[in-house]
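Please look through the following structure with me, taking the residues one at a time.

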Amino acid sequence: MGLDGLRGLAALYVVLFHCWLYTFPGYPDSSAPPWLEGLMFGRLAVVFFLVLSGFSLAISPARHGWRSGGVGRFLRRRAWRILPPYWAALAMSLIISWSIVPASHSGPPTGTTILVYGLAAQDMFTAPTPNGAFWSIGVEVELYLLFPLLLFVRRRVGAAALVACVTIPVIARGLVAANASPAEGDNWLAPHLAPVFVAGLVGAAVVTASDRVRRLPWGWFAALAALPVLALGVIQGSVWTVKHYFWIDLAIAPAMSMLLAAVATGRPAILVRLLTARPIRSLGSFSYSLYLIHLPIVMTVVRRVAPLFFSPGLPTFWFTLIVALPVSALGAWLFSKIFEMPFKRNRSWRFLIEALPSGRRRAGAGLPG
């Protein structure tokens, strides 16, 4: 459907964002040339991941009366899909952070880091991070735990009521903050980002709707919904936009959901063809691994390798792009082959073991010739 292609492009943008972020200090009012400002919105790529996650997870329930197929079954399958590559990336990040370059200004990881990040509880508890990209994994885990409840509300009282339940408290919190601009910390972001996840969940209804609904110009609807947000960002400037992500996240999520609905229903055809082209589709297949492991690689290049050869600023940025981008992509492809794809293709330890060469030999030994 092209959704994997969108996921791959979003992951690639996050890599570019981090190459930019760690090369030019002072974010969001950084020392980067103005013509590179288009790389500073990595947060919105993560918001897109959350919308896409809600959309993708809700397609099957939407086809079955908004039922999850069993809470325990859903949570086991999510844990099986998400946690093994996450734990492998956590181990890699800890090693790099301890031995090569710390991932945080608060110092190297500690025992608390291992506990908090091992449980994917970093959105609820604070510890020195081993990988700055991991904040969103904690948010996703919390939203997965809420997903069956969100489906229940959607099934019982409808889409509008579900959106209202998760969005009105967030808006109220924003309005009572000083200057109506809440300051976000490093965690407790799930309540704020729940509405963007729900935007994707609600948008998945288009995939199972009538032909008349599916044929609506969702791509144009997405462009029209995004236009006011983009215009405001252009008028106010990129620094203002970054400092007001609390509101920008909420405002852009409907446009993202409608874009997903458009792609999932095969429109616009030219975009779908691009997203389903082999290179983009391949990138999407290991996008989760790319997101998990790229940042330690980028930081190693920026802070350990580049200073040996290049001056700060643009020379370091170009070197980082030339080295860190392909290394991250190749590393993520190999990482996915080992730590992601086996768990994606096999639904349990029994099937995983049987899929291994030794497992096939053992299984075949008991079969008649």
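This is a predicted model: local features need pLDDT of at least 70, side-chain atom pairs count only at pLDDT 80 or more; totals for chains, interfaces and linings use all residues.

Q: What does the side chain of Ser-30 reach, and at what distance?
A: The side chain of Ser-30 comes to 3.2 Å from the backbone nitrogen of Ala-32. A polar contact is a pair of N or O atoms within 3.5 Å, where within protein one must be able to donate a hydrogen and the other to accept it, and residues adjacent in sequence count only if both atoms are side-chain atoms.

Q: Which residues is Ser-30 in contact with, leaving aside its neighbours within four places in sequence?
A: Ser-30 is in contact with Trp-20, Phe-24 and Pro-25, where contact means heavy atoms within 4.5 Å.

Q: Which residues touch the most other members of the largest nonpolar core?
A: They are Trp-20, Phe-55 and Tyr-86, in a core of 111 residues; a nonpolar core is a set of buried Ala, Val, Leu, Ile, Met, Phe, Trp, Tyr and Cys residues joined through side-chain atoms within 4.5 Å. Helix 2 gives the most to this core, with 14 residues; helices (H or I, at least four residues) are DSSP runs, numbered from the N terminus.

Q: Why does Ser-328 count as buried?
A: Ser-328 has 0% relative accessibility and therefore counts as buried. Ser-328 lies in helix 15, which spans residues 314-345, and the side chain of Ser-328 reaches the backbone oxygen of Ala-324 at 2.7 Å.

Q: How do you know whether Phe-309 is buried or exposed?
A: The relative accessible area of Phe-309 is 59%, and Phe-309 is therefore exposed. Phe-309 sits in the loop between helix 14 (287-305) and helix 15.

Q: What makes Leu-334 buried, exposed or partly exposed?
A: Leu-334, found in helix 15, has a relative accessible area of 43%, so Leu-334 is partly exposed.

Definitions and conventions:
Residues are numbered from 1 along each chain as its sequence is written. Side-chain values use heavy atoms; hydrogens and water are left out. Helices (H or I, at least four residues) and strands (E, at least two) are DSSP runs, numbered from the N terminus. Buried means under 20% relative accessible area, exposed over 50%, partly exposed in between (1.4 Å probe, protein chains only).
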